[in-house]
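Reader: I'd like to learn how to read ring pairs in a protein model. Could you walk me through it?

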Amino acid sequence: HWNIYDQACGHTYDSVTAALSFDPRSNASNFKCFFILAEGWGNFSQTGPAGLPSGELQLSVLWGKIHLKSLQVVSSAKSASASAGGQPVPACLNNGVVTFGNGGLSLSE
């Protein structure tokens with residue numbers, strides 16, 4: 001059942017606010033999972049020490065497209081940077097929520 005998988009990944013998505021979040025229940029320092037959203041699907045990964053004071057998050061779209069205004073993870077980091085297609089994307093981090101500027105982040109396969 002997908003709900004069990006979503007719970008194990010700590011995956012939630014709100015299509016109205018374009019907010020995606022992950023809170024993995026195991027192996028959070030080197031975590032990878034598959035996700036499905038309204039218009040696309042792909043992979044999410046996070047690597048870094050416990051509590052993610054530093055590290056890397058990666059979203060890759062394998063089919064379709066996704067649009068996000070925010071991405072939330074469990075992290076104690078104080079800053080974040082984002083890029084898409086090798087180009088910088090405006091982003092700020094507050095309490096584990098990365099908010100993307102300029103109307104959000106759009107990714108496609």
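Reader: So, how many aromatic pairs does the count come to?

Author: Some ground rules before that. This is a predicted model, where local features need pLDDT of at least 70 and side-chain atom pairs count only at pLDDT 80 or more, while totals for chains, interfaces and linings use all residues. Residues are numbered from 1 along each chain as its sequence is written, and side-chain values use heavy atoms, with hydrogens and water left out. Now, a pair of aromatic rings is described by the distance of the centres and the angle of the planes. Rings of Phe, Tyr and Trp (its six-membered ring) pair if their centres lie within 6.5 Å; planes under 30 degrees apart are stacked, over 60 edge-to-face, the rest tilted. By this rule there are four aromatic pairs.

Reader: How are Phe22 and Phe44 arranged as an aromatic pair?

Author: They're stacked, at 3.9 Å centre to centre with 5° between the planes. Phe22 sits in the loop between strand S2 (19–21) and S3, and Phe44 in strand S4, so the pair ties together parts 22 residues apart in sequence. Strands here are DSSP runs (E, at least two residues), numbered from the N terminus.

Reader: Is Phe44 buried or exposed?

Author: Buried means under 20% relative accessible area, exposed over 50%, and partly exposed in between (1.4 Å probe, protein chains only). Phe44 is buried at 1%, and Phe22 is buried at 2%.

Reader: What about Phe31 and Phe44?

Author: That pair is tilted: 6.5 Å centre to centre, 55° between the planes. Phe31 is in strand S3, so this pair links parts 13 residues apart in sequence. Ring pairs join Phe22, Phe31, Phe35 and Phe44 into a cluster.

Methods. Helices (H or I, at least four residues) and strands (E, at least two) are DSSP runs, numbered from the N terminus.
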